[in-house]
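These are my notebook entries on a structure that I went through step by step, writing down what I looked up and what I found.

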Amino acid sequence: MTQTVLAIVFGLLFGFVLYRSGAANPQRIIDMLRLKDAHLVKVILMAIGTSSLLLFISANMGLIAPHFSVKTAYVGVVVGAVIFGAGWALSGFCLGTSVAVAGTGRKDAWVFILGGLLGAFVYMVIYSDIKDTVLFDKLFDGKATLVDTGVSNYHILIEGVSTMSVAGGLAILFIIIAFILPASKKI
Amino acid sequence: MIGFLRNREWNWLSSGILLGLVFFVTVAVVKPIGVSTQFVILDGIVWNSISKDLVVKDEKAKKGYSSPNTYLNKSGGKYAKNIANPVNYSFIFVIAMFMGGFLAYRLQSSPDSKEDRSMPKVWRDNFGSSSTKRYLFVFLGGFLVLVGARLAGGCSSGHMMSGMMQTSVSGYMFAIVTFLVAVPTARILYKR
């Protein structure tokens, strides 16, 4: 029950904020990718910086017990990112943004989602043929993070330096870059 | 406050901070945000309603369900279980995202132009205003994005945002490769 309420509240918030941020506007995505408009890059860097900083500070102070969940690194992440990148540039949508804007009744977003459902279906069907190939060979020992997150089975890339200085430093670097990049033109 | 909520688009700073807060709160309270898995679940629900034996109860499976489909059966039948019981956190989250977008659009003080809502201007400038053409390529785009996201095990939300905030190596890999491909693709496709 609590989980359901949380899912509704967080989903509503995420959809609302994604839409207002301009990320759900394919014009903004394409203009970011063809390097004509820095608005969304600034948003993304600021969002990663803010969330990462809050996460590591509050975990460090013991304020929260965060639910770290890191995905495995394997060859398919790279190959998948190549295919994903092509589709993203072509359409100007990614998954979250297409869902948020489909909620407004935008037709091309619905078509994108239909294409996505077919893509997911095809993947589901071919998975048994590709699962034993090099695509699923692990990289960096699988689940890996740059810093020690306190989760014992994650492989840590940068050891011997305090978690806060690396994670916090990266987060602040992202925020600084977000501020330095030129402000966007109005659409 | 009300005026802020009704703005058509927020500036980058407010957008970035609020988006960051949503990602932080979800990791702090439940788990990182992810969207692409739910496309598999929805497909599975439809498929299962046509062929009843796609997902079956199986006490030997770790999650209590198994499937003749290898993908749905992996990780102890995790996806199979979610198809059998779609009312769970991740699925409702995505449904609520639709409503979040709808709400944002309805509350907006000035409407978007009809033209911009049918297709982005940059598309029109490069490929003309045929909606059939736009739909065809957007469909292909959606297909590629989902195949890519499933192969990679996540998308911009799961890998890029949620991953990088946790300093996940796979998140950095995904983000870097995605931009390395998407930027030249967009520059070639959209010259005007």
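**Entry 1: one threonine**

Does Thr50(A) count as buried or exposed? I kept in mind that I was reading a predicted model, and then I looked up the relative accessibility of Thr50(A), which is 11%. The cut-off for buried is under 20%, and therefore Thr50(A) counts as buried.

I next asked where Thr50(A) sits, and found it in helix α3 of chain A, which covers residues 39-60. Its side chain reaches the backbone oxygen of Met46(A) at a distance of 2.6 Å. When I left aside the neighbours within four places in sequence, I found Thr50(A) in contact with Ile175(A) and also with Gly16(B), Ile17(B) and Gly20(B).

**Entry 2: one valine, for comparison**

I looked up Val161(A), which lies in the loop between β3 (155-156) and α7 (163-180) of chain A. Its relative accessibility is 45%, so Val161(A) counts as partly exposed.

**Entry 3: chain A against chain B**

How many residues does each chain bring to the contact? I found 116 residues from chain A and 116 residues from chain B. The area buried between chain A and chain B is about 10300 Å², and carbon and sulfur atoms give 77% of that area. Of the area that chain A buries against chain B, Arg20(A), Leu90(A) and Met124(A) supply 8%, which is more than any other three residues do.

Between chain A and chain B I counted 32 residue pairs in polar contact, with both residues at pLDDT 80 or more. Helix α6 of chain A (residues 107-130) gives the largest share of the side of chain A that touches chain B, namely 21 residues. Sorted by class, that side of chain A has 77 nonpolar, 30 polar and nine charged residues.

**Entry 4: the two domains of chain A**

I looked up the domain assignment of chain A, which gives domain 1 as 1-34 + 74-136 and domain 2 as 38-73 + 138-187. The C-alpha centres of these two domains of chain A lie 22 Å apart. Twelve residues of domain 1 of chain A are in contact with twelve residues of domain 2 of chain A, and the area buried between them is about 1000 Å², with 68% given by carbon and sulfur atoms.

Which three residues supply more than any others of the area that domain 1 of chain A buries against domain 2 of chain A? They are Arg28(A), Met32(A) and Tyr74(A), which supply 58% of it. Between the two domains of chain A, however, the count is zero salt bridges, and the rule finds two residue pairs in polar contact, both residues being at pLDDT 80 or more. On the side of domain 1 of chain A that touches domain 2 of chain A, the elements that give two or more residues are α2 (26-33) and α4 (75-91) of chain A, and α2(A) gives the largest share, with four residues.

**Entry 5: the two domains of chain B**

Chain B is divided into domain 1 (1-108) and domain 2 (118-192), and I found their C-alpha centres 20 Å apart. Here 14 residues of domain 1 of chain B are in contact with eleven residues of domain 2 of chain B. Between them these two domains of chain B bury about 910 Å², 70% of it on carbon and sulfur atoms.

How many salt bridges does the rule find across the interface of domain 1 of chain B and domain 2 of chain B? It finds zero, and the count of residue pairs in polar contact is five, again with both at pLDDT 80 or more.

Notes
Residues are numbered from 1 along each chain as its sequence is written. Chains are lettered from A and ligands numbered from 1 in the order in which they are written. Side-chain values use heavy atoms; hydrogens and water are left out. Contact means heavy atoms within 4.5 Å. Buried area is the accessible area (1.4 Å probe) that two parts lose on being put together, summed over both. A polar contact is a pair of N or O atoms within 3.5 Å; within protein, one must be able to donate a hydrogen and the other to accept it, and residues adjacent in sequence count only if both atoms are side-chain atoms. Ala, Val, Leu, Ile, Met, Phe, Trp, Tyr, Cys and Pro count as nonpolar, Asp, Glu, Lys and Arg as charged, and the others, Gly among them, as polar. Domain bounds come from an automatic or database domain assignment. A salt bridge is a side-chain nitrogen of Lys or Arg within 4 Å of a carboxyl oxygen of Asp or Glu. Buried means under 20% relative accessible area, exposed over 50%, partly exposed in between (1.4 Å probe, protein chains only).
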